[in-house]
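Thanks for coming. I will walk through a few features of one structure, so please have the sequence and the model open.

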Amino acid sequence: MDITQTIILAILQGLTEFLPISSSAHLILMPIIANWEDQGLAFDVAVHVGTLVAVIIYFRKTLVTITQDWILSVQQKKTVGDSRLAWAVLFGTIPVGLAGLTFNSAIAEHLRDPLVIAITTLLFGALLGWADWRGKRVRDEHQLNWKDILFIGVAQAIALIPGTSRSGITITAGLMLGLTRQAAARFSFLLSIPVIFLAGGLETFELIRASVSVNWNHMFWGALIAGISAYACIAVFLRLLQSIGMWPFVVYRMVLGVILLLVIV
């Protein structure tokens with residue numbers, strides 16, 4: 001990798017991790033379009049660390065509050081403050097954790113394909129548009145019940161398929177359940193923390209097991225640039241979400257999906 005590839009892929013990861021347009025699809029497609037060699041597992045670990053740090057820093061106050069309340073709820077064996085939201089994040093992560101352990105190898109081997117990405121980009125883009133159009137947008141993330149959390153958690157597990165978009169499908173599920181746009185996005189971003197941590201941990205384990213040589217300079221810059229772009233993306237996205245809605249991302253997904261189909265066919 002040269003520095004140009006490092007910068008472009010890091011920015012791409014930082015932006016697409018939290019926008020509802022699929023980071024995995026863009027990281028698969030970009031090297032194909034630019035005729036680059038695969039960026040490698042070490043770089044994937046680095047940019048995941050960057051985006052994880054970004055979302056933790058952005059939601060640091062919320063995380064401190066729900067963690068403290070969660071600890072008290074465990075000690076007192078009852079709901080305390082915002083402990084319910086902490087339990088929601090933990091419970092909502094279980095489906096994707098189980099699905100990842102069960103299907104990760106099969107997905108990596110059979111579904112990292114431009115045709116799959118084109119289909120999922122179009123299908124789940126259309127579903128996002130429908131949910132944004134039909135959603136009642138009257139609830140916040142603190143009003144989710146356990147069935148709601150399970151529904152969003154299962155939706156998140158589907159995002160293991162490239163092109164689906166983890167943030168996209170969890171926001172879609174939230175909108176379908178009547179969450180406001182901001183609430184659906186906030187819960188999606190909180191759910192991303194354990195998921196990115198687990199994905200990064202799995203990639204780190206595979207990296208150690210494979211004894212891959214590491215370019216620490218590229219890893220450092222990749223993590224830093226991905227983190228900065230991810231933080232900026234979260235801040236701007238949440239600020240503009242009420243006014244712009246999901247349609248710019250729906251249109252982008254439709255255009256990208258059609259272009260991919262035309263190129264493939």
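A helix here is a DSSP run of H or I with at least four residues, and helices are numbered from the N terminus. Keep in mind that this is a predicted model.

Start with helix 10, which covers residues 216-244. From first C-alpha to last, its 29 residues reach 39 Å. That is close to the 42 Å expected at 1.5 Å a residue. What follows helix 10? The next residue is Gly245, and its phi is positive, near 65 degrees.

Stay in helix 10 for one more residue, His218. Is His218 buried or exposed? Its relative accessibility is 13%, and buried means under 20%, so His218 counts as buried. Setting aside neighbours within four places in sequence, His218 is in contact with Met1, Asp2, Ile3, Thr6 and Phe43.

Now move to a pair of helices. Helix 4 spans residues 60-76, and helix 5 spans residues 83-110. Their axes come within 7 Å and cross at roughly 95 degrees. Angles from 65 to 115 degrees count as roughly perpendicular, so that is the label for helix 4 relative to helix 5.

Which residues meet there? On the helix 4 side they are Ile66, Asp69, Trp70, Ser73 and Val74. On the helix 5 side they are Ser83, Leu85, Ala86, Trp87 and Leu90. By type, the residues of this contact divide into 7 nonpolar, 2 polar and 1 charged.

Definitions and conventions
Residues numbered from 1 in each chain as written. Predicted model: local features only at pLDDT ≥ 70, side-chain atom pairs only at ≥ 80, totals over all residues. Heavy atoms only, no water. Axes fitted to C-alpha atoms, helices over the stretch in contact; angles between N-to-C directions. Helix = DSSP H or I, 4+ residues; strand = E, 2+ residues; numbered from the N terminus. Parallel < 35°, antiparallel > 145°, perpendicular 65-115°, else oblique. Contact = heavy atoms within 4.5 Å. Nonpolar A, V, L, I, M, F, W, Y, C, P; charged D, E, K, R; others polar. Expected span 1.5 Å × (residues − 1). Buried < 20%, exposed > 50% of the residue type's maximum accessible area, 1.4 Å probe, protein only.
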